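The following questions and answers concern one protein model. Please consider each question with the structure in view before reading the reply.

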Amino acid sequence: MNLFYFTASSKEAQKHLQDTIHNKFPIQRYLHLLPNQVVQQLRSENANVEVNMWGALPGPSNLRNWNKLQPNDRVLVYSRGKFIYFGRVLTKV
């Protein structure tokens, strides 16, 4: 198990944080777009209606971290001078 962190301090990142972390994302509407294995994982964790999630644009650091990130890794969210969330990675797509 690894520990990762990401920052969310820019105006755009703050909006994304509000839309998908502060307020859970309504994933149920989009299950048909996900691989069946991911849908089954979400269902097994009772996370197939709403989820907290985060995305990133491809870039050297983001891609390197994405490739290292695995289910059950832990994540800290840093925003405006402090860590505000701690979570567990359920799956990635």
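Q: Which residue in β3 does Val 75 stand opposite?
A: In this predicted model, β2 and β3 pair in the antiparallel sense over six bridges. Across this pairing, the residue in β3 that stands opposite Val 75 is Gly 87.

Q: Which strands are the edge strands of the sheet?
A: Three strands form an open sheet with mixed pairing, in the order β1-β2-β3. An edge strand pairs on one side only, and this holds for β1 (3-7) and β3 (82-88). The edge strands are therefore β1 and β3.

Q: At about what angle does helix α1 run to β3?
A: Helix α1 comprises residues 11-22 and lies across β2 and β3. The angle at which α1 runs to β3 is about 40 degrees.

Q: Within what arc do the buried residues of α2 fall, seen down its axis?
A: Helix α2 spans residues 36-44, and its buried residues are Val 38, Val 39 and Leu 42. They line one face of the helix, because their directions from the axis fall within an arc of 100 degrees. On the other side of α2, Asn 36, Gln 37 and Ser 44 are exposed. The arc asked for is 100 degrees.

Q: How far from Asp 73 is the nearest side chain of opposite charge?
A: Asp 73 lies in the loop between α3 (60-68) and β2 (74-79). Asp 73 is buried, and its contacts include Met 1, Phe 4 and Lys 68. A salt bridge requires a distance within 4 Å, and Asp 73 has none. The nearest side chain of opposite charge is that of Arg 74, at 7.3 Å.

Technical notes:
Residues are numbered from 1 along each chain as its sequence is written. This is a predicted model: local features need pLDDT of at least 70, side-chain atom pairs count only at pLDDT 80 or more; totals for chains, interfaces and linings use all residues. Side-chain values use heavy atoms; hydrogens and water are left out. Helices (H or I, at least four residues) and strands (E, at least two) are DSSP runs, numbered from the N terminus. Buried means under 20% relative accessible area, exposed over 50%, partly exposed in between (1.4 Å probe, protein chains only). Lys and Arg count as positive and Asp and Glu as negative; His and the chain ends are not counted. Contact means heavy atoms within 4.5 Å. The arc is that of the directions from the helix axis to the C-beta atoms. Two strands pair if DSSP finds at least two bridges between them. Axes are lines fitted to C-alpha atoms, for helices over the stretch in contact, and angles run from 0 to 180 degrees between N-to-C directions. Lists of a residue's contacts leave out its neighbours within four places in sequence.
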